Amino acid sequence: MALEHADVLRAAHLARLGLDDDEAAHYLDDLGRILAMVDQLQTLDTEGVDPLAHPLETTQRLRADEVTETDQRDRFQRCAPAVEQGLYLVPRVVE
Amino acid sequence: MHDKTLTELAAGLAAGEFSSRELTQALLARIDRLDGDLNSFISVTAEQALAAADRADAARAAGDAGPLTGVPLALKDIFCTEGVKTSAGSRMLDNFIAPYDATVVEKLRAAGTVSLGKTNMDEFAMGSSNENSFFGPVKNPWDRDAVPGGSSGGSAAAVAAGLVPAAMGTDTGGSIRQPAAFCGITGLKPTYGRVSRYGIIAYASSLDQAGPMARTAEDCARLLGAIAGHDLRDSTSVARGVPDYTEELDAPLAGLKIGLPREYFGEGLDPAVESAVREAIRVYESLGATVREVSLPHTHYAIPAYYVIAPAEASSNLSRYDGVRFGHRCDAPADLTDLYKRSRAEGFGEEVKRRILMGTHTLSEGFFDAYYKKAQQVRRLIRQDFLDAFDEVDVLMGPASPTPAFDLGARKDPVSMYLQDIYTIAINLAGIPGISVPAGFVGHRPVGLQILGTHFAEARLLNVAHQFQQATDWHLRRPALAEETL
């Protein structure tokens, strides 16, 4: 499956990764070669094989619905770039 | 003291030959003298280390010492460590002071060990040479022109250079075993789920696993016992008892059935590496093991499957770095989208961006089935190859890497770098444990023998590795460091 310049820009936008046209061209070249390597998978017949998501195939463990976390907001916000009154600050979203 | 094993240092501490403070001071001085050029540490936490050493000495004086009390070690800079910068080798987290301890860190602290600092690594553990670190490449102590391997390159180099007797690493596609091989040390990747991933900065969550890197299998056995176990905070950690991994170390190997995967001795394997590995296998035969060839028929598909699954998981895991809650934030963002895009563009390095783009692309609409679902189907076939092989043999052996450490700057093309992990990557897809042990040299550069076992066979792997180390002395060789004569 050939990769196009627009695919790289689309992936960059979906990933919220700033990329200019030159950088996109650079990654187009790399990703094209990586995908060519990955395309070897298509030569293997996997009809009827269940996908394996996890090496141990465990199921999600359940626990009682009890509060186990305490409020540590101040502590966790100490490493935030900008906070005020317990809120994370970002550029204005609604005018 | 720097050329002793962790086991010897623990015995010295227990016998009162030296205090943890003396040992810690000696190693801190050594780091100060040697690491400027090696660059194996991102942060040296001397003050915290000395305080921990004093606590260890006080505990010993009070009769409260455990087997690892006062033993120094280092942590890959991917383990969250409360109050200490935890960067994952990235500019994104250069300002991140972790507000909590990873479970591994908590357990090592509770065991009384003394962390001397945080070791260098490929950014977010993505790399096989440690050249992808924001904090600069690490040099291989055996040959300063060579890479130490990656992504746990700082941990491997620090142990090889005698800066610490042991260090913690993580392994998603070979990141403990390959640098252990390149630096001539012993490195164990446990079974997926054996060690809690809580507080380990995530790369690919269905593959990531932490493990010890040290001089000997015996040292690794002691450390694995300290860090393994079920953790309520990691739902993928396995509720299964932790054995005493040192108990079986001395079991004789007579009758051990070794399988050599045909696909691990084929095209691309450096003949000098192959000859060292074959010689190691002859040592096992002399210890009473039997050897036969086996096949892992889907080996060829492991790297393609990994480079779908790992970047897909990475693109999802790394979406948390948004410039809002922690980590790097760009200056003067115009709006929220600009804040996200520029913070991430500035914070992430080239390889990380490549994998985010790759993962985002393969997971996006129209591509998911062809890539991600296909790779997960292939993953099942790869795991089945190993399960079938372990029906016939007890362990598999082969080279950890097709070549010895390559030159710094030699692998510019990402695909050629990825292919370097041909013998390690399938192990993570299958979730089985693997260990690399020193097995010779090509010139000055070490060769690693990789030993693989079935799920939760760590005790057996450590036994098999330990018996080799009783019969050989490759693990006792030390690099000649020019600065030592200063």
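Residues are numbered from 1 along each chain as its sequence is written, chains are lettered from A and ligands numbered from 1 in the order in which they are written. Because the model is predicted, local features need pLDDT of at least 70 and side-chain atom pairs count only at pLDDT 80 or more, whereas totals for chains, interfaces and linings use all residues.

An unreviewed UniProt entry places the feature "domain: Amidase" at residues 22–462 of chain B. UniProt positions follow the numbering used here, feature names are shortened, and annotations may be inferred rather than shown by experiment. The span is 38% helix and 14% strand, and its end C-alpha atoms lie 30 Å apart. Helices (H or I, at least four residues) and strands (E, at least two) are DSSP runs, numbered from the N terminus.

The unreviewed UniProt entry also assigns the feature "active site" to B:Lys76, B:Ser151 and B:Ser175. These positions are spread over 100 residues of sequence but cluster in space, with a largest C-alpha distance of 11.0 Å. B:Lys76 is part of strand E2 (residues 72–76) of chain B. B:Lys76 counts as buried because it has 32 C-beta neighbours inside 10 Å. A residue is buried if 20 or more other C-beta atoms lie within 10 Å of its own, exposed if 12 or fewer, and partly exposed in between, with C-beta atoms placed from the backbone. B:Ser175 is located in the loop between strand E4 (166–171) and helix H6 (177–183) of chain B, and with 37 C-beta neighbours inside 10 Å B:Ser175 also counts as buried.

Contacts were assigned where the C-beta atoms of two residues, placed from the backbone, lie within 7 Å. Leaving aside residues up to four places away in sequence, B:Ser175 touches B:Ala125, B:Gly150, B:Ser151, B:Ser152, B:Gly169 and B:Thr170. With the same exclusion of residues up to four places away, the contacts of B:Lys76 include B:Ser152, B:Met168, B:Gly169 and B:Thr170.

Eleven strands of chain B form an open sheet with mixed pairing, in the order E1-E3-E2-E4-E6-E5-E10-E11-E9-E7-E8. Two strands pair if DSSP finds at least two bridges between them. Strand E1 (41–44) and strand E8 (290–294) of chain B each have a single partner strand and stand at the edges, so one side of each lacks a neighbour in the sheet. Neighbouring strands are turned by 30° against each other on average, direction ignored. E4(B) and E6(B) pair in the antiparallel sense over six bridges, and B:Met168 stands opposite B:Pro212 in E6(B). E5(B) is joined to strand E6 (residues 209–214) of chain B by two bridges, again antiparallel; B:Met213 in E6(B) is the bridge partner of B:Gly187. E6(B) is mostly covered, with six of its six residues buried.

Helix H15 (residues 458–471) of chain B has 14 residues, which at 1.5 Å a residue should span 20 Å, in agreement with its end C-alpha atoms being 20 Å apart. The expected span is 1.5 Å times one less than the number of residues. H15(B) lies across E5, E9, E10 and E11 of chain B and runs at about 20° to E10(B). Axes are lines fitted to C-alpha atoms, for helices over the stretch in contact, and angles run from 0 to 180 degrees between N-to-C directions. Ten of the 14 residues of H15(B) are buried, among them B:Leu461, B:Leu462, B:Val464 and B:Phe468. The cover of these buried residues includes helix H7 (217–227) and helix H8 (271–286) of chain B, together with strand E5 (186–189) and strand E10 (434–442).

The contact between the chains takes 54 residues from chain B and 43 residues from chain A. On the side of chain B that touches chain A, the elements giving two or more residues are helices H9 (302–317), H10 (336–347), H11 (350–363), H12 (368–392) and H13 (414–419) of chain B. H12(B) gives the most, with twelve residues. This side of chain B divides into 28 nonpolar, 13 polar and 13 charged residues. Here Ala, Val, Leu, Ile, Met, Phe, Trp, Tyr, Cys and Pro count as nonpolar, Asp, Glu, Lys and Arg as charged, and the others, Gly among them, as polar.
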